[in-house]
Amino acid sequence: MSANGTRRLRIRHTTQVSYAQAAVSSHNEVRMTPLTLPGQTTLDARVTISPAATTWSYWDYWGTQVTAFELMDPHADLTITASSLVETSPPAGLPPSPAWSEITERTATSRLLEFAGPTVRTTVPPKLVKKARKAAAGLDPHETVVAVSSLVADRVTYLPGVTGVNTSAAEAWEQGAGVCQDIAHVTIALLRGLGLPTRYVSGYLHPEREAELHRPVAGQSHAWVEYWAGDWHGYDPTNRTRADESHVVVGRGRDYDDVTPHKGIYRGVAGGPPEVTVEFTRVA
């Protein structure tokens, strides 16, 4: 890491789809290109497809870059490789939070309202919101995020394989286990229930903070939250920490459905789940 805390990460995200029988055709959308933001600059990014396909890109409603393509000839498998080089820097210190009343007023008169209500994935029983309100009693918005995130992380143990992409926040809470996607959904549900606009963030987290230069490290995609308290601030409830220079933002939305890394439709016989690998290499 440089003296000022900046780092450069090379990320390689590979998705392999195998069909039980050759798909007649497929239409796909990929959201795997990191954004350029304050504290994050995407220096290079490309998405390659095998079998070869013509791609086109656009920005969706939520501000995420989408790469779309279609394969109109039969294909037995599909490989999508998203490669990027991103420079990140540590976040600035947290500014004082506005009063809850100011957040309520701003939310009601702006696009923040889109991140204030429940979705199918982020609906929880009122008793859980009541529990979160008790945990956050007397706290300002920044402190509330930490308290609610701890409440969720204490209840929902990180355990891969026990939930699926369609698991809701209520289901993850009930079974007490899930992955970062589930922990983010529960946190979002509770923070919105307390009146704090909160959005779902899809991206990457380098698994080794002090990784050696030029040594590839296996990792995975990651999910965390951003909440609005005068500005948007990132927090990773799975790891109980602010989002920092190890986090790379790809997209934000109301929940996972708005930022799904790969989705599409195909004509053919259903196969197994896709195989996904993510490799990180710190180059500076």
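**R240, first stop**

I looked up R240 and found it partly exposed, at 41% relative accessibility. For burial I used these cut-offs: buried is under 20% relative accessible area, exposed is over 50%, and partly exposed is in between, with a 1.4 Å probe and protein chains only. R240 lies in the loop between β12 (232-236) and β13 (241-242). Its phi is near 55°, a positive value in a residue other than glycine. Helices (H or I, at least four residues) and strands (E, at least two) are DSSP runs, numbered from the N terminus.

**Ground rules**

I am working from a predicted model, where local features need pLDDT of at least 70, side-chain atom pairs count only at pLDDT 80 or more, and totals for chains, interfaces and linings use all residues. I number residues from 1 along each chain as its sequence is written, and side-chain values use heavy atoms, with hydrogens and water left out.

Most residues other than glycine have a negative phi, and most peptide bonds are trans. I checked for exceptions. H214 has a positive phi near 65°. H214 sits in the loop between β9 and β10 and counts as exposed, at 54% relative accessibility. I also noted a cis peptide bond between S50 and P51, with omega about 0°. P51 is in the loop between β3 (40-50) and β4 (55-59).

**H206**

Is H206 buried or exposed? I read a relative accessible area of 4%, so H206 is buried. H206 belongs to the loop between β9 (198-205) and β10 (217-219). A polar atom of its side chain lies 3.0 Å from the backbone nitrogen of E208. I took a polar contact as a pair of N or O atoms within 3.5 Å; within protein, one must be able to donate a hydrogen and the other to accept it, and residues adjacent in sequence count only if both atoms are side-chain atoms. Not counting residues up to four places away in sequence, H206 touches R7, L9, A211, V217, S246, F280 and R282. Contact here means heavy atoms within 4.5 Å. I also checked H206 against T281: they are 75 residues apart along the chain, and their C-alpha atoms are separated by 8.8 Å.

**S26**

I found S26 in strand β2 (residues 25-30). S26 counts as buried, at 1% relative accessibility. Its side chain makes a polar contact of 3.1 Å with the side chain of H75. Beyond four places in sequence, the contacts of S26 include Y19, F69, I265 and Y266.

**Helix α5**

How many of the 14 residues of α5 are buried? I count 13, so α5 is largely enclosed by the rest of the structure. Helix α5 (residues 180-193) reaches 20 Å from its first C-alpha to its last, close to the 20 Å expected at 1.5 Å a residue. The expected span is 1.5 Å times one less than the number of residues. G195 follows α5 and has a positive phi, near 95°.

**Annotated span**

The unreviewed UniProt entry annotates residues 172-239 as "domain: Transglutaminase-like". Such annotations may be inferred rather than shown by experiment. I found this span to be 26% helix and 38% strand, with its end C-alpha atoms 17 Å apart.

**Whole chain**

I count five helices and 16 strands in the chain. Buried residues make up 48% of the 284 residues. Among contacts with a separation of 6 or more, 76% join residues 24 or more positions apart. The C-alpha atoms fill a box of roughly 60 × 45 × 35 Å, taken along the principal axes.
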